[in-house]
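Hi,

Here is the structure I said I'd pass along. Have a look at it first, and then read on for what turned up.

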Amino acid sequence: MAALEFLGPAGFTVKNVSFFGFHESLRVEGAVNGHIDNVRITAARPRKKNAKVGRNDPCPCDSGFKYKKCCSTKGESMSIGIRSIDSRLVVGKANIVADVGIDLIRSDAKVDELNHVSPTAPDLDSVLKSMVVRPPEDLIQSAIEQAKNEGTTEGLSYTKLKQWCDKQGVNAAMWLQLAAAIGTTVFGR
């Protein structure tokens, strides 16, 4: 399921949207032009567990693909922040917690700023336990507060936490896991 779905020759501008899991979606079909600004959708993740779906049936995530080519390997449907099929789309700033941030199918799109965190990202405690040296708690809390205040994890690369990680020799992959876990902590699963 997609939180925002554009089908057909639509031309849309999307700015300042935040998706933190969802059950409902906005679906736009046909030759429509428009503008979506300052939207925040928050709800539980759209998972269809234990659904009886055949391998050749359409995938329950509404991707248009057969189940065997889409979600069968995961055993559950994927959540999608924005899906555009045969549309023109301009995205300003979007904060999305979903399996897929933006899914473009035969679409022309321009994305200014996308902050995407997978809801399956490891939780913060798990990441911290896997680190050889744990960062000081005040630096972790400061980074969490900064992400909350800014509404994005983009600025984490300029925090004292990042500086501390660089001094400790924390590699880029571990830093990305830590930043993703902070994003999941701040913006939800």
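**What I found**

In this predicted model, 42% of the contacts in the chain with a separation of 6 or more are between residues 24 or more positions apart. The chain has 189 residues, and 44% of them count as buried. There are 8 strands and 4 helices, and the order from the N terminus is β-β-β-β-β-β-β-β-α-α-α-α.

**The helices**

I'd begin with helix 3, residues 160-168. Its buried residues are L161, K162, W164 and C165. These cover an arc of only 160° around the axis, so they sit on the same side of helix 3. As background, an α-helix has 3.6 residues a turn, so residues three or four places apart point the same way. On the face turned away from the buried side you'll find K160 and K167, both exposed. Just after the helix comes G169, with a positive phi of about 80°.

How do helix 2 and helix 3 cross? The axis of helix 2 (residues 137-150) comes within 8 Å of the axis of helix 3, and the two cross at roughly 135°. Because of that angle, helix 2 is oblique to helix 3. By class, their contact has 5 nonpolar residues, 1 charged residue and no polar ones. From helix 2 the residues are L139, I140 and A143, and they meet K160, L161 and W164 of helix 3.

P136 is in the loop between helix 1 and helix 2, and with a relative accessible area of 30% it is partly exposed. D138 belongs to helix 2 and counts as exposed, at 55% relative accessibility. For D138 and L161, which are 23 residues apart along the chain, the C-alpha separation is 9.0 Å.

**Two nonpolar cores**

Which residues touch the most other members of the largest nonpolar core? They are L124, L161, C165, W175, L178 and I182, out of 22 residues in that core. Helix 1 (124-130), helix 2, helix 3 and helix 4 (172-187) are the elements that give two or more residues to it. Helix 4 supplies the largest share, 8 residues. In general, nonpolar side chains in soluble globular proteins tend to be buried together.

Leaving out residues up to four places away in sequence, C165 touches M131, V170, W175 and L178. There is also a second, separate core, which has 13 residues, F12, I36, I82 and A94 among them.

**The strands**

Not counting residues up to four places away in sequence, S84 touches F6, L89, D103, L104, I105 and S107.

V91, in strand 6, is likewise at 0% relative accessibility, so V91 counts as buried. Setting aside neighbours within four places in sequence, V91 is in contact with V14, I82, I102, K110, V111, D112 and E113. The C-alpha atoms of V91 and A109 are separated by 7.6 Å, and the two residues are 18 apart along the chain.

Most residues other than glycine have a negative phi. D86 is not a glycine, yet has a positive phi of about 55°. At a relative accessible area of 35%, D86 is partly exposed.

**Where to look**

If you only have a few minutes, open these views:

- the crossing of helix 2 and helix 3, at roughly 135°
- C165 with its contacts, including W175 and L178
- D86 and its positive phi of about 55°

Cheers

Terms used. Residues are numbered from 1 along each chain as its sequence is written. This is a predicted model: local features need pLDDT of at least 70, side-chain atom pairs count only at pLDDT 80 or more; totals for chains, interfaces and linings use all residues. Side-chain values use heavy atoms; hydrogens and water are left out. Buried means under 20% relative accessible area, exposed over 50%, partly exposed in between (1.4 Å probe, protein chains only). The arc is that of the directions from the helix axis to the C-beta atoms. Axes are lines fitted to C-alpha atoms, for helices over the stretch in contact, and angles run from 0 to 180 degrees between N-to-C directions. Angles under 35 degrees count as roughly parallel, over 145 as roughly antiparallel, 65 to 115 as roughly perpendicular and the rest as oblique. Contact means heavy atoms within 4.5 Å. Ala, Val, Leu, Ile, Met, Phe, Trp, Tyr, Cys and Pro count as nonpolar, Asp, Glu, Lys and Arg as charged, and the others, Gly among them, as polar. A nonpolar core is a set of buried Ala, Val, Leu, Ile, Met, Phe, Trp, Tyr and Cys residues joined through side-chain atoms within 4.5 Å.
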